[in-house]
Amino acid sequence: GICFPCPQEGCPMMGHYADRFPEKLKRVNQKYFLNTAADEPFATWRQKVFIKLSGVKKTRGDINLLYYDTQGNSKEYEVASGDLSQDDVYTQYLDVEINPKNTTKIEFLWNKAIFSLLWARLGAETVNIIHGADG
């Protein structure tokens with residue numbers, strides 16, 4: 001709890017993701033971080049999420065994914081927040097605490113900041129979730 005907040009360029013990661021911070025590798029006594037889940041088994045699975053919207057041109061709100069597993073656990077992750085546009089693809093790395101082998105369902109959620117009749121016409125054209133060696 002004393003290592004944060006991370007620098008603006010992000011927390012240098014240990015292990016597989018350390019190569020994302022080449023400048024940090026040149027420093028002496030560099031601190032590195034390891035993302036873990038809050039509870040046992042503490043492992044997290046990195047997933048890369050791409051979401052392309054359809055419908056209205058622009059709106060404001062949040063896009064979240066809600067994961068469910070075989071034991072009845074669920075966990076929600078934010079993918080994007082703020083001004084949303086159908087012209088953009090929202091990409092986010094998620095460190096998911098639910099093992100992909102045990103995932104039973106993933107829900108796509110909207111949290112609207114301002115009520116708008118246009119919100120009902122906003123949807124997702126594509127949602128891609130990649131997991132494996134690097135997301």
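Reader: I'm new to this one. Over how many bridges do strand β1 and β6 pair?

Author: Keep in mind that this is a predicted model. Strand β1 covers residues 45-54, while β6 takes in residues 123-131. The two pair in the antiparallel sense, and the count of bridges between them is 8.

Reader: Which residue in β6 stands opposite glutamine 47?

Author: Let's stay with the pairing of β1 and β6, which is antiparallel. As for glutamine 47, the residue opposite in β6 is histidine 131.

Reader: What about the pairing with β4: which residue there is the bridge partner of isoleucine 51?

Author: β1 and β4 also pair in the antiparallel sense, over 8 bridges. β4 spans residues 89-96. Within β4, the partner of isoleucine 51 is tyrosine 90.

Reader: In what order do the 3 strands of the open sheet come?

Author: β1 pairs with β6, and β1 pairs with β4 too. The sheet is open and its pairing is antiparallel. Reading across, the order is β4-β1-β6.

Reader: Why is one side of β4 and of β6 left without a neighbour in the sheet?

Author: The open sheet runs β4-β1-β6. β4 and β6 each have a single partner strand, so one side of each has no neighbour in the sheet, and the reason is their place at the edges.

Reader: How much is the twist from one strand to the next, on average?

Author: This is about the open sheet of 3 strands, β4-β1-β6. Going from one strand to the next, the twist averages 20°.

Reader: Is isoleucine 129 buried, partly exposed or exposed?

Author: Isoleucine 129 sits in strand β6. On the surface, Ile129 forms a nonpolar patch with Ile106 and Val127, and together they have about 190 Å² of accessible area. Buried would mean under 20% relative accessible area and exposed over 50%. Isoleucine 129 has 30%, so the label is partly exposed.

Reader: How many helices and strands does the protein have?

Author: From the N terminus on, the elements run β-β-β-β-β-β. Among the 135 residues, 28% are buried. The tally is 0 helices and 6 strands.

Definitions and conventions
Residues are numbered from 1 along each chain as its sequence is written. This is a predicted model: local features need pLDDT of at least 70, side-chain atom pairs count only at pLDDT 80 or more; totals for chains, interfaces and linings use all residues. Side-chain values use heavy atoms; hydrogens and water are left out. Patches are made of residues with over 30% relative accessible area and no salt bridge: like charges are joined within 9 Å, nonpolar side chains (Val, Leu, Ile, Met, Phe, Trp, Tyr) within 5 Å. Accessible areas come from the Shrake-Rupley method with a 1.4 Å probe; for residues, only the protein chains shown count as cover. A salt bridge is a side-chain nitrogen of Lys or Arg within 4 Å of a carboxyl oxygen of Asp or Glu. Helices (H or I, at least four residues) and strands (E, at least two) are DSSP runs, numbered from the N terminus. Buried means under 20% relative accessible area, exposed over 50%, partly exposed in between (1.4 Å probe, protein chains only). Two strands pair if DSSP finds at least two bridges between them. Axes are lines fitted to C-alpha atoms, for helices over the stretch in contact, and angles run from 0 to 180 degrees between N-to-C directions.
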